[in-house]
Amino acid sequence: MFLPSIDGQAEVHSSLRFYETRQYQGEGQVFHPGQTIYAYLVLEGLGQGEQNLVIDWLDPSGAVQEQVHEQFRADRTGVFQRMFVFKLSRLGMFSRIFAGSSYSPRFLGAWTCCLFLNGRSVKEYAFTIR
């Protein structure tokens with residue numbers, strides 16, 4: 001996905017891949033409740049200077065469950081790479097008694113990661129929790 005030129009910068013290309021391990025094994029789009037998700041992000045074509053990245057993790061209802069803010073200075077290569085870790089929080093003991101499971105049903109289904117760079121939408125990526 002390319003983000004159009006911003007203030008004379010080149011186009012920005014983004015890639016977000018989801019893995020089961022920190023060692024980039026088990027790439028996929030489907031995960032289980034309780035599983036840690038390792039999201040590897042690459043941004044290319046960045047202009048030099050201060051950059052502001054925001055990632056919204058949206059549950060199947062569209063509610064933001066987590067938001068990541070990352071400020072960084074792009075170097076002359078114009079490439080930013082980072083691993084982000086996401087894990088669903090379990091319900092508390094009291095809630096588990098009444099829900100009958102460790103996770104709220106609202107967490108099951110299609111999730112969306114929305115990337116924003118310097119206040120502009122870059123791309124949305126999807127994965128599923130079953």
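This is a short chat about a predicted model of one protein chain.

Colleague: What am I looking at, and which cut-offs apply?

Modeller: It is a predicted model, where local features need pLDDT of at least 70, side-chain atom pairs count only at pLDDT 80 or more, and totals for chains, interfaces and linings use all residues. Residues are numbered from 1 along each chain as its sequence is written, and side-chain values use heavy atoms, with hydrogens and water left out.

Colleague: What is the mean pLDDT of the chain?

Modeller: The mean is 84, and 79% of the residues reach 70 or more. pLDDT is the predictor's confidence in each residue, from 0 to 100.

Colleague: Where is the pLDDT below 50?

Modeller: Residues 1-9 are one such stretch. Beyond near neighbours in sequence, that stretch has 21 contacts in the model. A contact means heavy atoms within 4.5 Å. Residues 91-100 are also below 50, with nine contacts of that kind.

Colleague: Switching topic. How many salt bridges are there?

Modeller: Three. A salt bridge here is a side-chain nitrogen of Lys or Arg within 4 Å of a carboxyl oxygen of Asp or Glu.

Colleague: Why would such side chains pair?

Modeller: Side chains of opposite charge can pair when their charged atoms come close.

Colleague: Start with R17. Which side chain does R17 meet?

Modeller: E27, at 3.8 Å from N to O. R17 sits in strand β2 (residues 12-19) and E27 in the loop between β2 and β3 (30-31), so the pair ties together parts 10 residues apart in sequence. Strands are DSSP runs of E, at least two residues long, numbered from the N terminus.

Colleague: How do β5 and β6 pair?

Modeller: β5 (residues 49-58) and β6 (residues 64-74) run antiparallel over 10 bridges. Two strands pair if DSSP finds at least two bridges between them. W57 stands opposite E66 in β6.

Colleague: What lies between the two strands?

Modeller: Five residues, in a hairpin. G62 in the turn has a positive phi of about 95 degrees.

Colleague: Back to charges. Which residue does R82 bridge to?

Modeller: E70, with the closest N and O atoms 2.2 Å apart. R82 lies in strand β7 (residues 79-86) and E70 in strand β6, so the pair joins parts 12 residues apart in sequence. R82 is partly exposed at 31%, but E70 is buried at 17%.

Colleague: Which non-glycine residues have a positive phi here?

Modeller: Y24 is one of them, at about 60 degrees. Y24 lies in the loop between β2 and β3 and is partly exposed at 42%. N118 also has a positive phi, about 55 degrees. N118 is in the loop between β8 (109-117) and β9 (120-129). N118 is partly exposed, at 31% relative accessibility.

Definitions and conventions
Helix = DSSP H or I, 4+ residues; strand = E, 2+ residues; numbered from the N terminus. Buried < 20%, exposed > 50% of the residue type's maximum accessible area, 1.4 Å probe, protein only.
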